[in-house]
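The report that follows is meant to be read beside the sequence and the model.

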Amino acid sequence: MSTAISLVNITKRYPGVIANDRINLSVQEGDIHAVVGENGAGKSTLMKILYGMVIPDEGEIWIRGQETAMSSARDAIAAGIGMVHQHFMLAEQMTVLENVILGAEPRDGLKIDFGEARRRIAEISGEGALNPDQMVEELSVGEKQRVEIAKVLFRGAQILILDEPTAVLVPQEVEELFGSLRELRKRGVTIIFISHKLDEVLDIADAITVIRAGRTVASADPKRISTRELAELMVGAELPVPDTRESTVTSDVLLEAEGLGTLSEEGDRWLIEDVSFRIRRGEVLGIAGVEGNGQGELVELLVGIRRADSGQVTLNGEDVRLLSTLRRREAGIGLIPADRHGQGLLLESPLWENAMLGHQSRAPFTRGLLVDRRGARQRTEDVVESFDVRTPGVEVKIHALSGGNQQKLLVGKEMLAQPQVLLASHLTRGIDVGAQAAVWESIRAARAEGLGVLLISADLDELIGLSDTLMVILRGRLVATLDPREVSPAELGSYMTGAA
């Protein structure tokens with residue numbers, strides 16, 4: 001079998017940190033090759049180097065036996081490499097066909113050859129797998145991912161980089177994705193698969209490379225290694241399990257929504273309709289649902305970003321509908337947003353300024369009307385130490401951190417603020433198996449002290465393991481209440497898709 005990709009002694013330095021330290025990676029033609037490692041281990045930097053988004057300081061890139069200089073994504077595409085990012089890059093108001101061909105339109109003279117485009121989309125994705133005339137905004141998360149894959153294949157990619165492709169998929173969609181990947185493998189496509197879900201890695205991969213602290217530390221055969229052994233290679237610890245153990249739920253209601261609803265901007269449909277629930281002291285209420293079914297709007301209603309058109313929200317028995325977001329935060333509502341870049345962080349600001357967000361009106365971040373820089377830096381250092389945020393210091397701009405370390409800062413700053421109720425969307429998305437244990441333990445400990453949590457997650461094992469009560473949201477309505485001790489991930493997935 002020939003070698004599709006060979007990365008030799010790849011080194012990339014940033015101020016205060018070596019992201020890649022003489023990394024070597026060899027991927028065989030037609031293989032599904034998994035790359036795993038802790039947050040900050042250097043996986044993302046390495047893939048950005050391969051895709052031409054980052055220029056290495058040292059090392060060589062060989063594609064099918066030919067040394068290749070990658071100075072831009074255009075170079076990577078020309079070399080037959082495509083990348084599907086964790087956050088989809090689709091134009092929601094355009095059709096599937098328009099998204100797939102955008103920037104690579106087949107021509108018939110001066111006109112776009114739509115007939116040829118349709119033929120190629122059917123050939124790439126399978127006849128009937130994608131409706132080229134459907135609007136992207138109408139697609140499920142799994143369907144949107146298929147569009148992203150079709151986009152890169154349409155441009156002639158024979159080497160495919162998938163960054164955390166199952167992070168937002170329900171089990172049924174994961175099975176469909178893996179079926180598609182195996183079909184692509186049969187067609188000779190080489191796939192690099194980046195994931196934190198080690199059981200999925202062992203299921204789909206032909207070979208595994210483990211990266212730790214910017215270095216290649218092991219190659220593994222998925223047929224001869226267990227998830228526990230793989231986790232130990234990555235982080236030197238066993239794979240954590242999200243288990244709430246004993247119940248800490250009391251009868252004291254912290255947060256209650258009753259008949260809550262909000263209309264679209266046009267006022268023609270309900271985004272959230274007649275939603276009612278209670279979160280009691282010491283309780284984790286898990287909300288399961290395919291992304292795009294109203295989870296984001298529900299959190300925005302609770303924290304005051306979005307206006308309620310019906311119903312009410314009470315915190316400790318007090319109506320908070322007229323309170324601003326800042327006042328709700330000061331009253332004890334913590335927030336971990338689903339979109340950390342869009343809603344949670346200022347990417348060009350240092351860590352200590354990001355740690356202030358949402359808490360800027362309170363100590364230790366302020367003294368009177370002025371920012372207490374010393375107090376803010378000290379609190380940020382506490383977050384960095386308590387949640388193992390890998391950073392050279394709190395003055396570093398947060399965009400320099402890996403996605404997982406950014407997430408740990410978000411979680412840590414909210415937990416150290418000791419909220420009464422935590423609205424947590426995708427609590428451990430992008431966090432490696434070593435950091436998951438610390439985050440889960442912090443939730444358990446705070447829950448035992450009386451914290452109430454609304455947990456929204458695409459990780460069904462996390463939802464089932466951490467929740468005291470599970471509810472399913474579908475098209476903006478809560479459609480089922482389940483006992484997490486009795487439901488399986490597959491059953492939960494059926495409720496989420498409306499099959500149950």
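Contact here means heavy atoms within 4.5 Å. This is a predicted model, in which local features need pLDDT of at least 70 and side-chain atom pairs count only at pLDDT 80 or more, while totals for chains, interfaces and linings use all residues. Residues are numbered from 1 along each chain as its sequence is written, and side-chain values use heavy atoms, with hydrogens and water left out.

Leaving out residues up to four places away in sequence, L160 touches G82, V84, I149, V152, L184, V189, T190, I191 and I192. L160 is also one of the residues that touch the most other members of the largest nonpolar core, a set of 91 residues. A nonpolar core is a set of buried Ala, Val, Leu, Ile, Met, Phe, Trp, Tyr and Cys residues joined through side-chain atoms within 4.5 Å; buried means under 20% relative accessible area, exposed over 50%, and partly exposed in between, with a 1.4 Å probe and protein chains only.

Helices (H or I, at least four residues) and strands (E, at least two) are DSSP runs, numbered from the N terminus. In strand β18 (residues 333-336), I333 and L335 on one side and G334 and I336 on the other are all buried, which leaves both faces covered. In a regular strand the side chains alternate between the two faces of the sheet. Strands pair if DSSP finds at least two bridges between them, and β18 pairs with strand β21 (residues 421-425) in the parallel sense over four bridges, with L335 opposite L423 in β21.

Leaving aside neighbours within four places in sequence, T314 is in contact with L254, L255, E256 and D319. V17 and Q418 are 401 residues apart in sequence and 32 Å apart in space, C-alpha to C-alpha.

The last topic is a pocket. The second largest pocket is lined by 46 residues, and S44, K48, L401, S402 and G403 lie nearest its centre. On a 1 Å grid over the protein atoms alone, a pocket is an open set of points where a 1.4 Å probe fits, with protein on both sides within 12 Å along at least five of seven lines, and lining residues have an atom within 4 Å of a point. Helix α1 (43-50) is among the elements that give two or more residues to this lining, and the largest share, five residues, comes from α1.
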